[in-house]
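Please read the following report alongside the sequence and the three-dimensional view. It moves from a helix to aromatic rings and then to a single side chain.

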Amino acid sequence: MLTATLMTDFGLVDTFIAQMKGVMLSINPQINIVDMTHSIEPFNIRHGAVALGMSYKYFPAGTIHVAVVDPGVGSSRRGIVVDGGKYRFIGPDNGIFSVIFSEIKTTTVYHITEPRCYRNPTGATFHGRDVFAPTAALISLGMRPQEVGPPVSDYNFFDITPPSKTAVSSITGEVLYIDRFGNVITNITAEFITGCGFKLEGRLVSLKENYAQGQQGQLHALINSDGYLELFVKQGTAVPSSLSGIRSGQTLTLELSD
Amino acid sequence: MLTATLMTDFGLVDTFIAQMKGVMLSINPQINIVDMTHSIEPFNIRHGAVALGMSYKYFPAGTIHVAVVDPGVGSSRRGIVVDGGKYRFIGPDNGIFSVIFSEIKTTTVYHITEPRCYRNPTGATFHGRDVFAPTAALISLGMRPQEVGPPVSDYNFFDITPPSKTAVSSITGEVLYIDRFGNVITNITAEFITGCGFKLEGRLVSLKENYAQGQQGQLHALINSDGYLELFVKQGTAVPSSLSGIRSGQTLTLELSD
Amino acid sequence: MLTATLMTDFGLVDTFIAQMKGVMLSINPQINIVDMTHSIEPFNIRHGAVALGMSYKYFPAGTIHVAVVDPGVGSSRRGIVVDGGKYRFIGPDNGIFSVIFSEIKTTTVYHITEPRCYRNPTGATFHGRDVFAPTAALISLGMRPQEVGPPVSDYNFFDITPPSKTAVSSITGEVLYIDRFGNVITNITAEFITGCGFKLEGRLVSLKENYAQGQQGQLHALINSDGYLELFVKQGTAVPSSLSGIRSGQTLTLELSD
């Protein structure tokens with residue numbers, strides 16, 4: 001049974017996601033649809049790109065990932081299929097696949113123009129249901145990415161700034177996202193960290209191996225299960241918002257203490 | 001694989017919905033259960049009726065739609081199965097299927113009395129799990145609607161006021177619901193709108209073809225992908241709550257400008 | 001098709017749950033994964049234990065229940081499989097299965113040590129994805145519980161205080177949880193209640209058979225569909241927070257009025 005995932009900023013109140021699933025099941029009743037998340041911050045393409053980059057690789061080969069964070073829906077922005085070999089990705093050409101393009105080195109991108117991929121009549125405001133859902137279902141039935149339309153090379157993407165050593169003992173990175181426990185996930189990887197801690201905005205932060213090692217109420221850091229540096233306060237208290245960099249996309253500078 | 005959808009006002013915190021799914025899978029392990037939404041405003045039957053009317057038709061023929069918004073559970077209100085031909089609907093007889101009755105012209109309604117449709121012992125407070133879930137699962141296995149109990153003709157429904165021209169250049173309609181982006185969806189359809197905009201409470205509202213055409217922070221309107229007039233403010237700002245009609249079920253009067 | 005349920009305190013914003021599902025589907029593409037709930041109060045093992053105890057039994061025989069509420073992840077606490085005969089349970093050894101141990105009299109508990117149950121490399125912070133998900137998928141494919149590791153008898157659990165008659169006409173019980181409608185579910189069962197009501201903190205509470213019998217705005221009680229005494233106020237108003245015991249785990253004392 002082939003799996004398709006859905007990631008959107010639609011939330012869980014309305015029936016938009018159910019409508020997409022209904023359209024997909026009408027075309028392929030055997031498709032297994034999994035919700036990636038529908039709580040991407042509305043219109044935050046960067047958040048969507050990072051969330052997709054964190055999660056796509058845990059799915060079986062052949063999985064079709066649909067991602068719809070789409071402030072420009074109805075404008076002339078294109079719908080695309082990204083053929084990444086092991087995985088296919090479907091969504092708007094607005095940068096939502098930026099992390100995919102940087103992680104999967106050989107991709108081919110196709111502009112969705114094939115009439116079979118469009119529900120008739122196509123609504124102006126809901127490409128998720130009327131273009132991306134049918135395209136995903138058709139691909140799950142065997143349509144090849146090159147059948148959806150012509151290849152394009154001028155697709156959109158943005159860079160997630162890689163972390164960098166800005167001085168002998170100083171690292172600059174960025175906040176990828178903040179999770180529901182208030183933990184702050186950065187793009188800084190283990191290789192940049194030396195010693196057992198660092199200073200952040202004058203505050204000493206010690207590096208732990210896991211959450212359980214932390215002291216209640218203290219700011220700590222660890223290398224998380226994705227390999228990224230994560231700031232945490234033990235058990236449910238969010239990382240203090242008094243830190244200036246605590247927004248998705250913000251820059252963080254760490255002073256290594258040894 | 002047959003699909004059943006679940007729509008409730010139970011929210012996503014408790015395990016009520018999982019209990020319903022467990023009961024259904026115990027009777028038919030092959031049933032494919034899709035969440036329509038579980039965030040209907042608690043006890044708001046009108047909201048449920050509109051949400052179901054917006055979404056049921058995107059599912060494959062044969063889909064069984066279960067809808068539970070049920071302030072009168074445990075009272076003498078009946079449980080019913082609505083046979084709508086292409087689709088079957090299961091839930092309380094309290095008006096939740098009002099939009100279905102107005103959209104599908106030939107329906108037959110059955111009162112659920114068949115003992116096999118009731119879990120034993122039946123709890124007094126949870127018909128979703130103890131009546132509607134087993135009934136849906138049995139129907140997915142081939143039980144015919146007329147086997148659940150006697151047909152009834154005095155079932156409950158309410159009217160969604162249709163839009164009307166209240167003066168030469170004035171249209172009165174109603175707010176169907178407000179989505180998670182703060183967009184206001186009305187029951188006014190394209191045929192009622194002439195020209196490129198209208199006045200609403202003295203405010204000029206211009207008609208756009210899609211969200212992208214809007215100006216940041218301005219109140220606009222468009223005909224949405226369901227064919228309804230929708231008020232929006234570009235990118236994530238809700239339609240101003242200073243407008244007096246911004247509640248589900250409220251009346252809206254538009255002054256057409258040409 | 002075998003069913004596995006997932007219950008966590010991860011919420012629905014992040015992609016953690018999708019990552020777990022991806023891992024499970026990579027091992028067994030045929031597994032049917034149902035969300036129990038992901039809104040357990042963060043780190044509240046007691047809430048998780050009660051929610052699991054309320055819901056596991058509605059699923060088909062053979063269902064594998066995965067429960068992850070895990071403040072000690074990464075510490076030395078063990079991962080366990082509980083073989084309960086009809087159902088198997090997988091999660092941390094921290095008391096999350098306490099209600100299961102009290103309801104299912106013959107269980108055998110195994111410490112997960114088998115290398116095949118661990119993704120490689122295992123992240124330090126996410127056992128849900130890297131240990132419990134693969135273990136559940138392997139068991140769904142036929143691995144027997146005793147193959148995951150050695151049996152253990154010193155597993156962790158806590159008691160939910162049973163209700164007791166603390167005086168001739170006085171019953172002491174405890175709040176199990178508060179549902180999304182603001183209803184308060186207690187551990188007091190029907191056999192403890194005599195007559196048609198009781199006093200709670202000096203307030204008269206009358207016993208009803210269902211929600212519909214209540215008067216708008218009045219505090220009432222009923223025996224709910226799980227057999228427990230539940231406090232409710234009709235239609236959407238929460239039970240008054242002025243009552244002192246309205247937190248999960250708090251003690252409640254009822255004065256029986258006859």
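## A covered helix, paired rings and a threonine

In α2(A), the buried residues are Ile45(A), His47(A), Gly48(A), Ala49(A), Val50(A), Ala51(A), Leu52(A), Gly53(A), Met54(A) and Ser55(A). The model described here is a predicted one, and in it this helix, which spans residues 45-55 of chain A, is mostly covered, with 10 of its 11 residues buried. At the start of α2(A), a side-chain oxygen of Asn44(A) comes to within 3.2 Å of the backbone nitrogen of Arg46(A).

The next topic is the aromatic rings. Over all chains, the structure holds 30 aromatic pairs. One of them joins Tyr155(B) and Phe157(B), whose ring centres are 6.1 Å apart and whose planes stand at 50°, so this pair is classed as tilted.

How many residues apart are Tyr56(C) and Phe89(C)? They are 33 residues apart, and the pair links distant parts of the chain, since Tyr56(C) sits in the loop between α2 (45-55) and β3 (64-68) of chain C, while Phe89(C) belongs to strand β5 (residues 88-92) of chain C.

| Residue | Relative accessibility | Class |
|---|---|---|
| Tyr155(B) | 22% | partly exposed |
| Phe157(B) | 51% | exposed |
| Tyr56(C) | 6% | buried |
| Phe89(C) | 0% | buried |

Because a residue counts as buried under 20% relative accessible area and as exposed over 50%, a value in between is called partly exposed. Tyr155(B), at 22%, is therefore partly exposed, whereas Phe157(B), at 51%, is exposed.

In chain A, ring pairs also link several residues into a cluster, which is made up of Tyr56(A), Tyr87(A), Phe89(A) and Phe97(A).

Is Thr135(B) buried or exposed? With a relative accessibility of 0%, Thr135(B) counts as buried, and its place is in helix α4 (residues 127-140) of chain B. A polar atom of the Thr135(B) side chain lies 2.6 Å from the backbone oxygen of Val131(B). If residues up to four places away in sequence are not counted, Thr135(B) touches Val81(B), Ile90(B), Ile112(B), Cys117(B) and Val148(B).

Terms used:
Residues are numbered from 1 along each chain as its sequence is written. Chains are lettered from A and ligands numbered from 1 in the order in which they are written. This is a predicted model: local features need pLDDT of at least 70, side-chain atom pairs count only at pLDDT 80 or more; totals for chains, interfaces and linings use all residues. Side-chain values use heavy atoms; hydrogens and water are left out. Rings of Phe, Tyr and Trp (its six-membered ring) pair if their centres lie within 6.5 Å; planes under 30 degrees apart count as stacked, over 60 as edge-to-face and the rest as tilted. Buried means under 20% relative accessible area, exposed over 50%, partly exposed in between (1.4 Å probe, protein chains only). Helices (H or I, at least four residues) and strands (E, at least two) are DSSP runs, numbered from the N terminus. A polar contact is a pair of N or O atoms within 3.5 Å; within protein, one must be able to donate a hydrogen and the other to accept it, and residues adjacent in sequence count only if both atoms are side-chain atoms. Contact means heavy atoms within 4.5 Å.
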